There are 2 protein chains.
Amino acid sequence: MPLLPYTCPTNAGRAERFQHRTDMNSAPKLSDQLCFAAYSFAHALNRAYRPLLEPLGLTYPQYLVMLVLWEADGQTVKEIGSRLRLDSGTLTPLLKRLEATGYVSRQRGSRDERQVIVALTDAGRALSEKATRVPLDLGCAMGAGREEIADLRDRLVALRDRLADAGCSVGEPET
Amino acid sequence: MPLLPYTCPTNAGRAERFQHRTDMNSAPKLSDQLCFAAYSFAHALNRAYRPLLEPLGLTYPQYLVMLVLWEADGQTVKEIGSRLRLDSGTLTPLLKRLEATGYVSRQRGSRDERQVIVALTDAGRALSEKATRVPLDLGCAMGAGREEIADLRDRLVALRDRLADAGCSVGEPET
DNA sequence: CCCATATTGATTGCGCGCAATTGAATTTCG
DNA sequence: CGAAATTCAATTGCGCGCAATCAATATGGG
């Protein structure tokens with residue numbers, strides 16, 4: 001039994017439903033692909049954020065970590081990673097850079113010596129004020145209404161979660 | 001005069017339209033942000049593509065380059081970059097890896113010695129067959145209908161292009 | 001209590017992405 | 001024609017992302 005209702009046991013047979021090009025016999029076209037749209041949109045966002053975050057001394061991923069900590073101070077690397085869907089291989093050096101900049105502190109937990117508690121410094125807390133303006137400027141730049149943005153966000157999150165759940169079964173032979 | 005109708009000369013005054021959180025005085029929330037949704041969706045796509053492309057010996061950005069070449073063989077680095085919105089700093093090493101794998105050839109143009117023509121090898125052309133299946137499997141994994149995917153794609157592309165156009169003016173002082 | 005197992009974060013290696021610079025070839029214009 | 005400006009690809013440096021591996025700590029069963 002498939003893990004998902006969306007899994008296609010007979011890919012060849014039902015492929016037409018997901019065919020986004022006119023010529024069935026040629027390679028898929030770049031412009032037709034949702035994947036490339038998402039890929040290039042994400043990079044465009046990163047480029048748009050860069051000049052806004054640079055005065056704050058943050059990169060975009062660092063800004064995401066700060067968002068997480070502004071919501072709840074004093075989280076473990078694991079907790080931050082599960083919120084952002086990043087692992088320690090990405091977070092450890094990133095957090096060290098945030099520590100070097102002076103926005104967070106890192107110390108081993110006393111109850112469990114395996115985990116590292118990441119906490120905001122005064123400078124890190126204070127940064128929250130300046131950062132408030134950032135997403136507003138971006139909203140302006142995109143020129144999309146509040147409800148359109150919310151709708152798009154919800155669709156993306158839904159697809160992301162379905163992809164993540166399906167991830168382990170996609171491409172595997174259907175036993 | 002602003003370059004765009006979407007530029008906000010008085011950010012503070014019109015900010016409410018782009019406020020996606022209930023508490024106006026606290027930092028923006030991660031879960032409210034379209035930006036994080038796009039960011040995490042793009043990474044989820046990359047993770048989903050990886051096991052499908054690995055048997056073909058491609059990474060996702062390399063797959064995008066192959067898509068471009070399958071559409072039109074024999075393009076310059078500049079042309080490929082403008083389609084994918086990548087620069088030579090990213091493409092040059094990537095193309096060298098594709099050349100090492102044996103999917104493309106790179107040679108200086110005879111008419112203009114500055115440019116490098118990237119062409120498919122026989123192996124690169126042949127790969128198109130196997131790659132046809134990849135986006136179909138992904139469509140299955142996402143479990144979204146043809147029209148929903150097309151709609152989402154168009155919205156993302158529209159926002160991306162608006163962001164790219166606005167990029168140069170966002171965050172600048174309004175003289 | 002002791003050992004097998006699991007969890008947590010750090011480390012290494014590789015491939016992007018992008019800013020900034022360089023060098024060579026070409027175009028523009030005086 | 002020839003100098004200056006422009007274009008194109010390559011290079012360098014840095015910061016992610018992620019797979020794979022490792023060491024230290026915690027936990028549960030015998």
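**Protein and DNA contacts**

Visitor: How far is a phosphate oxygen of DNA strand C from an N or O atom in the side chain of K96(A)?
Guide: The model is predicted: local features need pLDDT of at least 70, side-chain atom pairs count only at pLDDT 80 or more, and totals for chains, interfaces and linings use all residues, while side-chain values use heavy atoms, without hydrogens and water. Residues are numbered from 1 along each chain as its sequence is written; chains are lettered from A and ligands numbered from 1 in the order in which they are written. A polar contact is a pair of N or O atoms within 3.5 Å; within protein, one must be able to donate a hydrogen and the other to accept it, and residues adjacent in sequence count only if both atoms are side-chain atoms. From K96(A) to the phosphate oxygen of DNA strand C, the distance is 2.6 Å.

Visitor: Which residues are the closest to DNA strand C?
Guide: A residue is near a strand if one of its heavy atoms lies within 4 Å of it. DNA strand C is surrounded by 30 residues. The closest are Y39(A), R47(A), T92(A), K96(A) and R106(A).

Visitor: Which residue of chain B has a polar backbone atom 3.2 Å from a phosphate oxygen of DNA strand C?
Guide: Backbone atoms take part too. In chain A, a polar backbone atom of V116(A) is 3.4 Å from a phosphate oxygen of DNA strand C. In chain B, the residue at 3.2 Å is E113(B).

Visitor: How many residues of the surface near DNA strand C are charged?
Guide: Ala, Val, Leu, Ile, Met, Phe, Trp, Tyr, Cys and Pro count as nonpolar, Asp, Glu, Lys and Arg as charged, and the others, Gly among them, as polar. Six residues are nonpolar and ten polar. The charged residues number 14.

Visitor: Which residue has a polar side-chain atom 2.6 Å from a phosphate oxygen of DNA strand D?
Guide: Take chain A. Polar side-chain atoms lie 2.7 Å away for Q62(A) and 2.9 Å away for R97(A). In chain B, the side chain at 2.6 Å belongs to Y39(B).

Visitor: Of the atoms of DNA strand D within 4 Å of the protein, what share belongs to sugar or phosphate?
Guide: The atoms divide between bases and sugar or phosphate. Bases hold the rest, once sugar and phosphate are counted at 75%.

Visitor: How much area do chain B and chain A bury between them?
Guide: Contact means heavy atoms within 4.5 Å, and 75 residues of chain B are in contact with 76 of chain A. Buried area is the accessible area (1.4 Å probe) that two parts lose on being put together, summed over both. Carbon and sulfur atoms carry 68% of it, and the total is about 7,500 Å².

Visitor: Which residue stands opposite T76(B) in β3(B)?
Guide: Strands are DSSP runs (E, at least two residues), numbered from the N terminus, and two strands pair if DSSP finds at least two bridges between them. In chain B, three strands form an open antiparallel sheet in the order β1-β3-β2. Two bridges join β1(B) to β3(B), residues 116-120. Opposite T76(B) stands I117(B).

Technical notes:
Helices (H or I, at least four residues) and strands (E, at least two) are DSSP runs, numbered from the N terminus.
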